[in-house]
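Hi,

Here is the structure I promised to pass on. My notes follow below it.

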Amino acid sequence: MLRRFLGIRKVQIGLAIIGFFTLVALVGKPFATSVLGRTPATVFLEAMGAPPSVAHPLGTTVSGQDVLTWMLHGTYNSMYVGFLSAAIATVVALVIGTMAGFLGPAVDRVLNALILVFQNIPSFPVLIIMAAFWRAMPLWMVAVLIGLFEWTGGARRIRAQTLSLRGRDFTMALRTVGESRMRIVLVEVMPHLFGVVSPLFLTAIAVGVTMQASIAMLGIGSAADPSWGLIINYAFQQNALFRGMWWWFIPPGLCLALLGFATTMVNFGLDEVTNPTLSSRRIRLMKKFMKRVRAGLTGSAAETPANPARA
């Protein structure tokens, strides 16, 4: 199954983009500091608002700060928020969804009510209000808040899948012979939730990065933590669009778009693996089969006499 999953072209493209951003997040800050000898606070007075060049591959801001250095630091901060918030949301969704689906009707009603309550709370306005009161909110707190509000959809899907598994013959047989619920959930149920948890985690990464970027674009958050959204915010504050300084706001915007595209491609690949009717190979074979059927019908129609009475 894993080999088939990794052999899908969509998955290869999506994982390559996510892997690239992850690699940049891991080595970007040390590379900028140790190799380039620059930090986001470094100012180049001789190159203020300069377009891309050999010395500054992504140009500089109107204040003379290197955009590439900002992007390297911003990639780390954005991916940090994305992965941390995705991990929190996935763990919370997995625990609550599994408990709701496996521990019986009473627990299910209570936890389902909790899911509905959190699902009806508008997460983005709440984040804006909390960030407005805490202007210099650290990134880990932003990630925690995003993760605590973005688990409800995944919890409902996991609950539905767990309810289905709870009624299967193998789980009923294990309960009959006296197996503990913990062992049944961890050993027998969890592997069947891979098709639900994996897209949930990948989607939560893109959601976390996008929400943090949206907050930063509104000017909320710590100015000492560069991120893709903060770079766009500074660019528009300084009218980079009207000044024609495309190198200032296009790179972070393109990174946000590519990350969303990558997670979508990987989720398409997961759908193909978990749902055989969506297999691209099966679709190609069906198209070839239908072409042959149509060609056969056309050929038989051509061989049929125009006037059956004369034949």
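**What I found**

Val 126 sits in helix H5 (residues 123-133); helices here are DSSP runs of H or I with at least four residues, numbered from the N terminus. Before going on: this is a predicted model, where local features need pLDDT of at least 70 and side-chain atom pairs count only at pLDDT 80 or more, while totals for chains, interfaces and linings use all residues. Residues are numbered from 1 along each chain as its sequence is written, and side-chain values use heavy atoms, with hydrogens and water left out.

Back to Val 126: its relative accessible area is 22%, so it is partly exposed (buried is under 20%, exposed over 50%, partly exposed in between, with a 1.4 Å probe and protein chains only). Leaving aside neighbours within four places in sequence, Val 126 is in contact (heavy atoms within 4.5 Å) with Ile 121 and Phe 149. The C-alpha atoms of Val 126 and Phe 149 are 9.4 Å apart, with the two residues 23 apart along the chain.

Thr 90, in helix H3 (residues 67-102), counts as buried because its relative accessibility is 9%. Beyond its neighbours within four places in sequence, Thr 90 touches Val 197, Leu 200 and Phe 201. A polar atom of the Thr 90 side chain lies 2.6 Å from the backbone oxygen of Ala 86.

Finally, Trp 246 belongs to helix H13, which covers residues 246-274. With 47% relative accessibility, Trp 246 counts as partly exposed.

Cheers

Conventions: Helices (H or I, at least four residues) and strands (E, at least two) are DSSP runs, numbered from the N terminus. A polar contact is a pair of N or O atoms within 3.5 Å; within protein, one must be able to donate a hydrogen and the other to accept it, and residues adjacent in sequence count only if both atoms are side-chain atoms.
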